[in-house]
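Biologist: I am new to reading structures, and I would like to learn how the words we use follow from the numbers. Could we go through one together?

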Amino acid sequence: MVLIIGSGFAGIGMGIRLKRAGIKNFVILERAASVGGTWRENTYPGMACDVESHLYSFSFEPNPNWTRAFAPQREILAYINHCADKYGIRAHIRFNTAATGATFDEKSGVWRVQTSTGETFEAQVVISASGHALSRPIYPDIPGRDSFTGQSMHSGKWNHDYALEGKTVAVIGTGASSIQIVPAIASKVDRLLVFQRTAPWILPKPDPKFTPRQKAAFRRFPRLQLLARNFIYWKRELLASGFVLNASILKLGSKMAMRHMQAAVRDPVLREKLTPNYTMGCKRILPSNDYYPAIARENVRLVTNGISEIHPHAVVTRDGKEHRVDAIIYATGFEAAEAKPAFPIVGRNGRDLADAWKNGIKAYKGTTVSGFPNFFLIIGPNCGLGHSSMILMMESQFSYILGAIKTLRRRKLKYLDVRSEVEAHYNDRLQARLAKSVWNTGGCNSWYLTRGGKNTTAWPGFTFEYRLRTRHFDAGSYEQF
Ligand code: N01
C-alpha cells in the first residue's frame, strides 16, 4: 500500500498520478474535514495566487473557467475539489485523520503510521504531501505579545467573525500575504497602521478578467490555453536567470518596480520608506496593483520605526511611541527554512528525521532522505521557487516517486534507500550554486534562509532543469534491498 499524508495540491495530484499508473491501493490521510491544504487554511481577505492560474494548475487538468489571470483563493480551492472529484480521489481520503508518528520496520520493509484516530496503517511507501514548509504560522517574538487584549490573528488563521469596520488595525509584516491583505481591508477599517521592517519589491500585476468569449475560446481550443500557459512559463523562466545567473533582468525589474511605486505614491518621505534596500529577488518579488495606492490612502500609515514591544492596547515602536490599536494582524509568515517534521518519523536504525535534520533540513532532489527508505517528500528541502509555479515542481516529483514505486515493484524489492554519499554530494553542489544566487548574496534576510544563513528552501535553477533531473528514477543512487 502507498500512504499519502495531506490532500492539498501535492496529495491530490500524487493520488491522480498513482491512479493513472494503475496503482489503486493507496490511502490519503487528511487531518481536516476537507481537501485543499494551504488553499483551505488561508482565507484572509484579498487572498489570491501570485502566479497566473493558467500555470498554477495541473498540466493534465487545464481549467478554461478561471475568472481572471491570478485567480482568488476560493476558485483555487474549488479547482482542487474539482480535481479530487473528477479523478475519484475522495474515496481514498481519510478525513479528520492526522498522522502522528511513522516508524520503519527494516525486517518487513513496512512503514507503520499511527494516526490521531488511534489507528495504525501499514504501508510499503509513505509520501509526505503535507506542505511542511509553509503550513505552520510564525508569530514574531515581540515582548508583551501575549498581553494584548484586543483581537490578534495570523494571516494564515483569519477570524472571519471579527468585524474590522470602524476599527484601528495594525498589520505587522509586508510580505506576500500582507500586500494582499492591506488593500483588501484599507477601505473597511477606520485606521490602518502597517508595520514594515523591510520594504518589499513590488511589480505591476497584469491581472485581466477573462471575458466569456475568452473562456469559451479556451474551452473550444485547448491549444490556445496551452499557448497561454507556455507563454507564462517561459516569461517566468526568464526571471529565474536573474536569480541564478545574476542576469540583468533583475535590474530592469527594479527600475520597473520603482516607476510603479512612484506612479502611486507622491509623498517623497513615503517613497523613501517604500524603497527596498537590497537586490531585487533576494526576497520574493511581489505582484500588486493596489498595495501602493492603499498605502498612500489618508487612513493608512506606514510605520517603519521598528516594534519594541506590545502593550495590552497598543503596539510600541522603538522611538517610544504607543500606537493604540483594536486589532493586530500578524502577516509574519510561516516556518520554512527552519521547518521540522510535524510528528516523529523514525527510519532505519531507529533514527529520527528530526535528528537527521538537526543541522538543517536536506534531502536528495528534495524528495528522499538517506536512512528513511521508501519515504518521499513532495516539496521537500530546496524545492521552493522565487519565480514560478510550485505545481511544476510537484509534477516533477510525482514522476520521480512513481518511478521509484515502479522500480520497487518491477525488481520485487523491499525498499530503496538513497545512498548517503549521493545525498551529501547533491547537497554540496546545491549549496555551492546557492552561494552565488541572489537569495544568498542579495543583502537581505528571508524565509529562504535559516537563522544561520543556510538556504534550505530554494531550488537554484530553472524548473526545466529540475524536471530533467527527476524525469527518470535513478535507481543506481539508491541502496536496494
Ligand atoms: O510571509 P513572509 P508571508 N516586525 O515571510 C515581517 C507564500 N504566499 O505570509 O522582511 C516586523 O514573506 C517580515 O519582515 P522582514 C509565498 O511563498 C504565497 O507574507 O523579515 N515585521 C515580512 O515582511 C510567501 O513568500 C502566496 O523584515 C516582521 C513579513 O513579516 C510565503 O507564503 C500568497 C516581524 C513576513 O513575510 C510567506 O508569505 C501569500 C517583526 N518582528 C503567501 N517579523 C501566493 O499567492 C516578521 N516580520 C502563492
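This is a predicted model: local features need pLDDT of at least 70, side-chain atom pairs count only at pLDDT 80 or more; totals for chains, interfaces and linings use all residues.

Biologist: Why is histidine 160 called exposed?

Modeller: Buried means under 20% relative accessible area, exposed means over 50%, and partly exposed is in between (1.4 Å probe, protein chains only). Histidine 160 has 53% relative accessibility, so it counts as exposed. You will find it in the loop between strand E8 (151-154) and strand E9 (168-172). Helices (H or I, at least four residues) and strands (E, at least two) are DSSP runs, numbered from the N terminus.

Biologist: What makes the pair of histidine 160 and threonine 43 a polar contact?

Modeller: A polar contact is a pair of N or O atoms within 3.5 Å; within protein, one must be able to donate a hydrogen and the other to accept it, and residues adjacent in sequence count only if both atoms are side-chain atoms. The side chains of histidine 160 and threonine 43 make such a contact at 2.8 Å. Histidine 160 is also 8.3 Å from tyrosine 44, C-alpha to C-alpha, although 116 residues separate them in sequence.

Biologist: Which residues are closest to the ligand?

Modeller: They are Asp50, Thr174, Ser177, Thr198 and Lys283, out of 23 residues that surround the ligand. A residue is near a molecule or strand if one of its heavy atoms lies within 4 Å of it.

Biologist: How do you know which side chains have polar atoms by the ligand's oxygen atoms?

Modeller: We look at distances. A polar side-chain atom of serine 177 is 2.7 Å from a ligand oxygen, one of tryptophan 447 is 2.9 Å from a ligand oxygen, and an N or O atom in the side chain of arginine 284 is 3.4 Å from one. Taken alone, the ligand exposes 910 Å², and the protein buries 85% of that (accessible areas come from the Shrake-Rupley method with a 1.4 Å probe; for residues, only the protein chains shown count as cover).

Biologist: What makes asparagine 374 and lysine 412 stand out in their phi values?

Modeller: Most residues other than glycine have a negative phi. Asparagine 374 has a positive phi near 55°, and lysine 412 has a positive one of about 50°.

Biologist: Where do they sit, and is each buried or exposed?

Modeller: Asparagine 374 is in the loop between helix H10 (353-356) and strand E19 (375-377), and its 1% relative accessibility means that it counts as buried. Lysine 412 is in the loop between helix H11 (390-410) and strand E20 (416-418); at 75% it counts as exposed. Leucine 413 lies in that loop between H11 and E20 too, but at 14% relative accessibility it counts as buried.

Biologist: Why is helix H4 called mostly covered?

Modeller: Eight of the nine residues of H4 (residues 178-186) are buried, among them Ile179, Val182 and Ala186.

Biologist: How do you know that strands E5 and E6 are paired?

Modeller: Two strands pair if DSSP finds at least two bridges between them. Strand E5 (residues 110-115) and E6 have four bridges and run antiparallel, so by that rule they pair. Tryptophan 111 stands opposite alanine 123 in E6, and arginine 112 stands opposite glutamate 122. The two strands form a hairpin with four residues between them, and glycine 118 in the turn has a positive phi of about 90°.

Biologist: Which strand pairs with E5 over six bridges?

Modeller: Strand E4 (residues 99-105) does, also in the antiparallel sense. Here threonine 103 has arginine 112 as its bridge partner.

Note on methods: Residues are numbered from 1 along each chain as its sequence is written. Side-chain values use heavy atoms; hydrogens and water are left out.
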